[in-house]
Amino acid sequence: MSRVEVTGVAKRYGAVAALDGVSLTFEDGEFFGLLGPSGSGKTTLLRMIAGFIEPDEGTIAFDGERVEQVPVHKRGIGMVFQSYALFPHMTVAQNIAFGLDVRATPRADVAHRVEELLDFVQLEGLGNRKPAALSGGQQQRVALARALAPRPKVLLLDEPLGALDRKLRQEMQVELKEIQRSIGITTIFVTHDQEEALTLSDRIAIIDRGKLVQVGEPRAVYERPRNLFAARFLGDANVLEGAASGEGVRLADGTLIAVAGGKATLAVVRPEKVDVGAATARGVDGGSNRLTGEVRQAIFSGASLTYHIRVPALGSSPFIAFVQNRTASAYGVGDTVSLSWPVADTVAVAP
Amino acid sequence: MRPESIDRLGYGYLGLILAFLYLPILVMMAMAFNRSPLYELPFTFDLVWFKALSNNARLIDASINSLWIAAVNAVIATVLGTLVAYAFARYEFPGKQVLRLLLLPPIAIPWLIIGTSMLIFFFWTGIGRGLHAILLGHVALSLPYVIVVVGARFAAFDPVLEEAAATAGASPVQVFTRITLPLLAPGIIAAALFAFAVSFDQFVISYFLAPPGISTLPVEIYTAIRKGFTPEINAISTLIILVSMGLMLLVARNYRFGGER
């Protein structure tokens, strides 16, 4: 178990900075999600912690000890790759035993540990199979067991569930979280799937173009994004832009939108915070913001409805609202509706 | 056509191909055991040509030369070629594409021309002729084959496996011996067999580079046939066929070419 400190790391490939002065601390036992679009540098950071990439600048320390010069095989990490990277010429048991064998662990101990792990990842009795004979979910578990076998200090996961189909991925998310909890190992994982990051992580970091955008607990980052990128990357966000005024943003048509933090030129509101009702007044009223608009699309998806609403003051991009399918009544295309949401959910963001 | 008749046609076609490939060899092997030196029938089983072979020092010497050169060539060419394939697969360096392209022409250039150029070049540089020159020529000739065969194996080899081994705690040497080498083994063995066969088969270059008094089996067989054919040639060919087929079967049994189960 370990605390990992990354301080001011940078990596440049020619003129392009893959990472540009990132500092992060991964607490002992924490499940930490690195989130960002492809090419953001999140994988570079993970591979740097693993030891595959040496930082041009900055330091990496495990429990206070610098490791930039320590080769991969001596860092005491376990890693699960997106493709699982199981050794095709070895059985499941040999795969799991690999990290112990290369450390010249006594045979009896290896056998015992392999049994223990097979049991742990619910693959009892499959030790003699070749990886190719297993399903995707089973291969994923073998990869996890292999990474955990030598009792690493840090577990690194590179898009661990990316190759699984949606249903299996959700099952494995729950399982992965339980496994991580029960061992209490510091775990850092990389994903571009925001839902996965929110579900699994104790804390997340959003990375964009080599820089840290925001770090925090998933809920905090989701509810209080720092900038437009963070807001949009973690889900849908309706953007309210205008002139700064005393209480919030004044839109182009003069409508005042009150913002939680007060004066702002840019604010966002999540689509699920918005109530859609029959057309009434606009403006701030009793702790709520209000706008009116015309329904352009009403997308039915079973449990919920998504409305795309045209609000003249907001220009061409539609205002999005998610509504639970509680009542049979719904608005159709062309209906004029009122949108209202709490001022507390109107978050000022940086551009 | 009905499915059965298509099946029958298919089997007939397969039979014809097999006959085309193996009939000449079978006839030759049968004649090695026939008493008559003039291929006369009826067939009379006799080991007389094998006995004659055991007294034919020239043919035996040439066979030993050939086996030695082929074996040493296989080792050298496989080691060098595997290293080249490794460099091609794992490193980026200037001129890589040009080098890759340059690999292929030697496979396509007629051996006669390669042999001539080697003779001139070896004469000019003072390497001269002899078993060492033959070996040198064979290594040069088999290298492209090894690089191509091992390279194909590398192409199907995901380098992330090596990374995974490193994260599990394997040192670079352990990664190579436990992951890289075992996964490349089928390709390396196939390449070694290829190199052995290229050398063992090689006539033109050996003929050009062999000084008087020294020869390899193909050269000796050619010389013997020019003087007049004797069934001893059949006998030695039969021995070679049996040994090489046995070797191939053994390898095919233990290694799966073309991929994992």
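Two strands are said to pair if DSSP finds at least two bridges between them, and strands (E, at least two residues), like helices (H or I, at least four residues), are DSSP runs numbered from the N terminus. In this sense, β11(A) and strand β15 (residues 266-269) of chain A pair in the antiparallel sense over four bridges, and A:Asn238 has A:Val269 of β15(A) as its bridge partner. The structure described here is a predicted model, in which local features need pLDDT of at least 70 and side-chain atom pairs count only at pLDDT 80 or more, whereas totals for chains, interfaces and linings use all residues. Residues are numbered from 1 along each chain as its sequence is written, while chains are lettered from A and ligands numbered from 1 in the order in which they are written.

The model scores ipTM 0.83 and pTM 0.78. For chain B, the mean pLDDT, which is the predictor's confidence in each residue on a scale from 0 to 100, is 85, and 96% of the residues score at least 70. Among the elements of chain B, the highest mean pLDDT, 94, belongs to helix α8 (residues 160-167) of chain B, and the lowest, 79, to helix α12 (residues 232-254) of chain B.

Chain A contains eight helices and 21 strands, and its C-alpha atoms fill a box of roughly 75 × 50 × 35 Å along the principal axes. A residue is counted as buried if 20 or more other C-beta atoms lie within 10 Å of its own, as exposed if 12 or fewer do, and as partly exposed in between, with C-beta atoms placed from the backbone; of the 351 residues of chain A, 41% are buried. Two residues are in contact if their C-beta atoms, placed in this way, lie within 7 Å, and among contacts in chain A between residues at least 6 apart in sequence, 64% join residues at least 24 apart.

Helix α5 (residues 166-183) of chain A has 18 residues, which should span 26 Å at 1.5 Å a residue, and this agrees with the 26 Å between its end C-alpha atoms; the expected span is 1.5 Å times one less than the number of residues. The buried residues of α5(A) are A:Arg169, A:Met172, A:Leu176 and A:Gln180. These residues lie on the same side of α5(A) because they cover an arc of only 70° around the axis, the arc being that of the directions from the helix axis to the C-beta atoms. Their cover includes β3 (31-35), α4 (136-148), β8 (186-191) and α6 (194-200) of chain A, whereas the face turned away from the buried side carries the exposed residues A:Lys167, A:Glu171, A:Val174, A:Glu178 and A:Ser182. Just after α5(A), A:Gly184 adopts a positive phi of about 70°.

Elsewhere in chain A, three strands form an open sheet with antiparallel pairing in the order β12-β13-β14, and its edge strands, β12 (243-244) and β14 (256-258) of chain A, each pair on one side only. Two antiparallel bridges connect β12(A) with strand β13 (residues 248-250) of chain A, and in β13(A) the bridge partner of A:Ala244 is A:Val249.
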